[in-house]
Amino acid sequence: MTDASQSVSRRAVLQMLAAASFAASDRARAAPSLNIYSWPNYFSGNDLAGFARQSGIVPNISNYDSNDILFSKLNSASGAGFDIVIPSSSWIAVLRQHGLLQEIDPARINLSTLAPALLGRPYDPENRYSIPKDWGVLGVVYDPAAVGGEISTWRDFLDASERPGVSGKVRLSSSAWEVIGIALWLQGKDWNAVDADAIRAAGDVLRPFMKHVSSFDALDPNELANGTIVMAQSNQSVARTALMLNPKLHWVVPKPMSEIWVDCYAIARNAPHVDAAYEFLSYQLRPDVQLQETVAIGFPAALAGLRDKVEPGVAHFDMIFGGKNLDIGKLTSFVVNPKTIGVYLQTQLELQAAAD
Amino acid sequence: MHRQRHAFIHFCAGIPLVWLGVVFIVPLLISVVFSFGTNTFGGITFGFTLDNYRTALSGLYLAVLARTIAFAAGASFTCLVVAYPVAYFIAGRTGWQRTLCLVLILLPYFSSFLIRVMSLQILFSRDNILDAWLQRLHFATGPLDLINTPVAVLVGMVYAYLPIATVPIFLVLERIPPALRDASRDLGASYWQRFLTVTFPLSLPGVVTSALLTIVPMLGELVIPQLLGGGRGVLMGQIISSQYLQAQNYPLGASMAVILMLIVGVLLHLSWWLGRRLEGRVR
């Protein structure tokens, strides 16, 4: 082997390395990508695989476990790089006001298959920034033997909490507005329109009941099944699981008013892969995909007429939709208002402190 | 050559200094600056106002601060009461027995903190192994329902911080020269007299260190009260977290964090002063 051949060989190797790195960087530039920031386990694996087959894009999914963390992330430098985010209805207005979402181009998506009751809601009246993904309602799951009958109103809920077999076994939500909403709804007030004094007054109404509360923590269906908790504020999905574990439990969305929350697709400001984001949204809004998402996630997708499309053989079928004959159009969605959210939270902390 | 070695030593010393500066001093200064600002929901208008401190030291927040200090002090004291006999026992062992005891004490640290607290949550829940044993041994007639109670939070705190309390006491106890105890025995002191007049006073610096190492993290503890206390009877860690995240009120959250840091500073000074007094007494 001569020096010349060694020299050629070295050059060849360098050339190959350079070509390989160029190719790699070129591929990286060309490879479509999509960054999703979402709640944990919030997409069907089959649907993600189907989207990857169709588009060649395997989404990168990061998780958060509360809307406030989503807001904090998007509101900081570390929030750059996300394309699709899934905020709840309560936080969409705040995210929009802080310029953290970009306007959705209605020409690039088809909303005609979605339930009208979930479109044009107060947090985004023209759906310029959000597309409903799925929804849930606030209700009460309870043991009728312990509470001594049926619950149909929030007044029944408060009265039942004082019973000997119920006191100390009541779970309230960790969400300030879901707890304080009980008193506001009983007073016929709109939780989005009240001022600080009304929120504090609602807290005063609830304070005497706090001694009966055992938890403001996330609801574990097993606690309902084994009797640690006998009456709890809950969404329909956790309640449905509890009913599967203990068929004696009952579920109700109490009158005169309760909450519907809607988790929505939104596109983050400065999303780096806007085309991929629209491709993903179009895929996710396909009726067959929404049907699969409902079965996989356990919360109903926003598809119009979904109830008729899900196979009725599914256990506690009606619970997926919040119960029989529930008119979701009559329920209210909370909208975080920077002027009052601090009062809601302080009142909730006072209630939690009073529960000890 | 000598100058090069000097430069290398300065470089090595500079690394932790830069590290401390970036991850400790800078965030601390940011918190202090934030605490004097005005909230704009998820943002801050910088300036100088004491309103956040007034709010943090009034009404509910002051009551929670007082409750947090009392709870942390009680949990830390309980930790020491449990840790001292354990440390004393280990200091009395030698060879593989001592090593085995230390490994057993530190073993839980090989698993995630969250997993350990979640395990306690399962243990305290109804119809679990603890309930079953207590009922079988006739110590209880029904379910204890410990979960979501202050007792569960206290037990969780003691469990989580016990190794931290045990090790400093052990280190001081094992360094007490056996000759001192032998001398007191030769002078006619009983076992309890030897312990109360020689061993315990000499171990006090370790006790003070353990108290400090447990009470400081307990003051800001967030996970244990949330998972074992069910969100009832809130402590300061939860309130600071809710101000930063849910309320997006960074200035108020920062002022509460600064107040906690000042309390920690006072505790540090107190332990330093106590340490010096104890050292002087021993000499």
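This is a predicted model: local features need pLDDT of at least 70, side-chain atom pairs count only at pLDDT 80 or more; totals for chains, interfaces and linings use all residues.
Local features are given only at pLDDT of at least 70 and side-chain atom pairs only at pLDDT 80 or more, while totals for chains, interfaces and linings use all residues. Residues are numbered from 1 along each chain as its sequence is written, and chains are lettered from A in the order in which they are written.

**View 1. Chain A as a whole.** Chain A holds 15 helices and nine strands. Helices (H or I, at least four residues) and strands (E, at least two) are DSSP runs, numbered from the N terminus. The C-alpha atoms of chain A fill a box of roughly 95 × 45 × 45 Å along the principal axes. Of its 356 residues, 45% are buried. A residue is buried if 20 or more other C-beta atoms, placed from the backbone, lie within 10 Å of its own; it is exposed if 12 or fewer do, and partly exposed in between. Among contacts between residues at least 6 apart in sequence, 76% join residues at least 24 apart. Contact here puts two C-beta atoms, placed from the backbone, within 7 Å.

**View 2. The buried face of helix α6 in chain A.** Helix α6 spans residues 154–161 of chain A, and its buried residues are A:Trp154, A:Phe157, A:Ala160 and A:Ser161. Down the axis of α6(A), these residues fall within an arc of 125 degrees, so they line one face of the helix. The arc is taken over directions from the helix axis to the C-beta atoms. An α-helix has 3.6 residues a turn, so residues three or four places apart point the same way. The buried residues of α6(A) pack against β4 (131–142), α5 (144–147), β5 (170–171), α7 (176–186) and β7 (231–235) of chain A.

**View 3. Backbone exceptions in loops of chain A.** Most residues other than glycine have a negative phi, and most peptide bonds are trans. A:Asn41 has a positive phi, near 50 degrees. A:Asn41 sits in the loop between β1 (35–38) and α2 (45–55) and is exposed, with 12 other C-beta atoms within 10 Å. A:Asn127 also has a positive phi near 50 degrees. A:Asn127 lies in the loop between α4 (89–97) and β4, and counts as buried with 20 C-beta neighbours inside 10 Å. A cis peptide bond joins A:Lys255 and A:Pro256, with omega about 5 degrees. A:Pro256 is in the loop between β8 (250–252) and β9 (260–267).

**View 4. Helices α5 and α7 of chain B.** Chain B has 12 helices and two strands. Helix α5 (residues 113–124) and helix α7 (residues 150–174) of chain B pack at about 140 degrees, with their axes 11 Å apart. Axes are lines fitted to C-alpha atoms over the stretch in contact, and angles run from 0 to 180 degrees between N-to-C directions. That angle makes α5(B) oblique to α7(B). Under 35 degrees counts as roughly parallel, over 145 as roughly antiparallel, 65 to 115 as roughly perpendicular and the rest as oblique. B:Arg116, B:Val117, B:Leu120 and B:Phe124 of α5(B) meet B:Ala152, B:Gly156, B:Tyr159 and B:Ala160 of α7(B). These contact residues divide into six nonpolar, one polar and one charged. Ala, Val, Leu, Ile, Met, Phe, Trp, Tyr, Cys and Pro count as nonpolar, Asp, Glu, Lys and Arg as charged, and the others, Gly among them, as polar.

**View 5. Where chain B meets chain A.** The contact takes 24 residues from chain B and 27 from chain A. On the chain B side, α3 (59–91) and α11 (236–244) each supply at least two residues. That side divides into nine nonpolar, 11 polar and four charged residues.
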